[in-house]
Amino acid sequence: MNEIIKPVTAESFQKMKRNNEKITMLTAYDCSTAKYIDECGIDSILVGDSLGMTILGYDTTINVTVEDMVTFTKAVSRGVKRALVIADMPFLSYQTSLEETVINAGKLIRAGAKAIKLEGASDFILKEINHLTKAGISVVGHLGFTPQYINTIGGYFIQGKSYEKTMALLDAAKKLEENGVFSIVLEMVPEESAKFISENLSVPTIGIGAGAYCDGQVLVIDDILGKYAGNIPKFVKQYANLKDIIKESVSNYNNDVKSGNFPSEQHSFKLTEEERNKLDSYGI
Ligand code: KIV
């Protein structure tokens with residue numbers, strides 16, 4: 001008999017916060033990785049616009065398009081049975097008009113995401129969150145370091161580094177909460193600030209580079225597996241070194257083909273003896 005799987009929902013996030021149960025989240029961009037992550041019991045999978053760097057080879061996330069996000073969201077959601085799939089709204093897909101925001105968010109939901117994430121808390125973004133949630137689209141906020149605003153932030157800087165800045169982040173987080181987000185990603189914020197913010201919100205915070213006291217944690221899958229070819233931030237814990245495994249395996253394959261060691265009998269299909277005899281006698 002097939003096991004009945006209870007999918008994680010936005011509601012489950014609230015419950016986990018109330019029960020002091022940490023929420024786990026990882027990014028994924030393809031079907032098989034998403035399947036493995038899901039089978040490990042990770043609560044949520046983020047189709048992050050970090051795919052601009054990890055998959056598409058850009059320097060930042062700002063080149064990622066809605067079409068890119070739709071493609072990868074479809075792939076990920078096909079592999080997932082339990083985890084809550086959240087897709088990032090890419091740069092300029094929600095900063096222009098309410099109408100375009102709902103249309104673009106709808107594309108990601110139709111691609112299989114159960115919720116979308118967007119960065120910032122300007123008055124316009126608050127209005128959009130309100131609008132999206134009323135339209136039946138669940139929203140995750142993203143504060144602290146917000147990679148889509150890299151050009152206005154000016155670099156990869158830790159955010160909320162003073163009392164005033166922490167209070168400003170809390171104020172922004174509360175506004176996100178009031179307008180309907182069910183969770184907030186806090187990126188690159190000092191641990192004490194993230195703790196203070198988390199304790200003063202009713203929605204769960206998901207930290208990345210924000211210390212141990214957030215209600216959950218998210219990391220980029222390529223970083224934890226040691227696959228990403230670029231710089232790995234200080235806040236990443238690396239659990240494997242896929243880069244070395246890939247290079248060693250590919251070098252072995254290269255050598256095997258060049259030397260004739262691959263393919264062997266084990267990897268080849270054979271004709272029946274009768275058919276082979278016909279070939280052998282051809283032209284004799
Ligand atoms: O794009 C992404 O992967 C993200 C996470 C790093 C939070 O937004």
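Thr54 is found in helix α3, residues 51-54, where helices (H or I, at least four residues) and strands (E, at least two) are DSSP runs numbered from the N terminus. With 16% relative accessibility, Thr54 counts as buried, a label for residues under 20% relative accessible area, with exposed meaning over 50% and partly exposed in between (1.4 Å probe, protein chains only). Leaving aside residues up to four places away in sequence, Thr54 touches Tyr29, Val220, Asp222 and Tyr228; contact here means heavy atoms within 4.5 Å.

The model is predicted, so local features need pLDDT of at least 70 and side-chain atom pairs count only at pLDDT 80 or more, while totals for chains, interfaces and linings use all residues. Residues are numbered from 1 along each chain as its sequence is written, and side-chain values use heavy atoms, without hydrogens and water.

Next comes the sheet. Eight strands form a closed barrel in the order β1-β2-β3-β4-β5-β6-β7-β8, with parallel pairing; two strands pair if DSSP finds at least two bridges between them. From one strand to the next, the twist averages 25 degrees. Helix α1 (residues 10-18) packs on this sheet and touches β1 (23-27), β2 (44-47), β3 (84-88), β6 (183-187) and β7. The direction of α1 makes about 135 degrees with that of β1; axes are lines fitted to C-alpha atoms, for helices over the stretch in contact, and angles run from 0 to 180 degrees between N-to-C directions. Strands β7 (residues 205-208) and β8 (residues 216-219) run parallel, joined by two bridges, and Ile206 stands opposite Gly216 in β8.
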